Amino acid sequence: MHYVTAELDTGPVIAQVELPIRADDTTDTLASRLLTQEHRLLIATVDLIARGHIALGADGVAWMGARSERR
């Protein structure tokens, strides 16, 4: 996830997931697994922003007392 700027996909990164590529992955299976993770990450990121734990500051993304959790 990243903040949106005027340029495509160039905003400051808020959060990301690591997704291993399996030997038997196809573009479709990888895309499906990634989409599932992206949906989870979007919900968690919006929640943290709404709670005031993440903000965009002058120096980039600021995490204010929030702990990131791997799921």
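**Strand pairing, core and salt bridges**

Ile54 stands opposite Trp63 in strand β2. The model is predicted: local features need pLDDT of at least 70, side-chain atom pairs count only at pLDDT 80 or more, and totals for chains, interfaces and linings use all residues. Residues are numbered from 1 along each chain as its sequence is written, and side-chain values use heavy atoms, without hydrogens and water.

**Strands**
- Strands β1 (residues 54–57) and β2 (residues 60–63) run antiparallel, joined by four bridges.
- Strands are DSSP runs of E with at least two residues, numbered from the N terminus; two of them pair if DSSP finds at least two bridges between them.
- Leu56 has Val61 in β2 as its bridge partner.
- A hairpin through two residues links β1 to β2.

**Core**
- Ile54 also belongs to the largest nonpolar core, with Tyr3, Ile14, Ala15, Leu41 and Leu48.
- Such a core is a set of buried Ala, Val, Leu, Ile, Met, Phe, Trp, Tyr and Cys residues joined through side-chain atoms within 4.5 Å.
- Beyond its neighbours within four places in sequence, Ala15 is in contact (heavy atoms within 4.5 Å) with Met1, Leu41 and Thr45.

**Salt bridges**
- The whole structure holds two salt bridges, each a side-chain nitrogen of Lys or Arg within 4 Å of a carboxyl oxygen of Asp or Glu.
- Asp25 pairs with Arg33, with the closest N and O atoms 2.7 Å apart.
- Both Asp25 and Arg33 are buried, that is, under 20% relative accessible area; exposed is over 50%, and partly exposed lies in between (1.4 Å probe, protein chains only).
- Arg51 and Asp47 form a salt bridge at 2.9 Å, N to O.
- Arg51 counts as exposed because its relative accessibility is 58%.
- Asp47, at 33%, is partly exposed.
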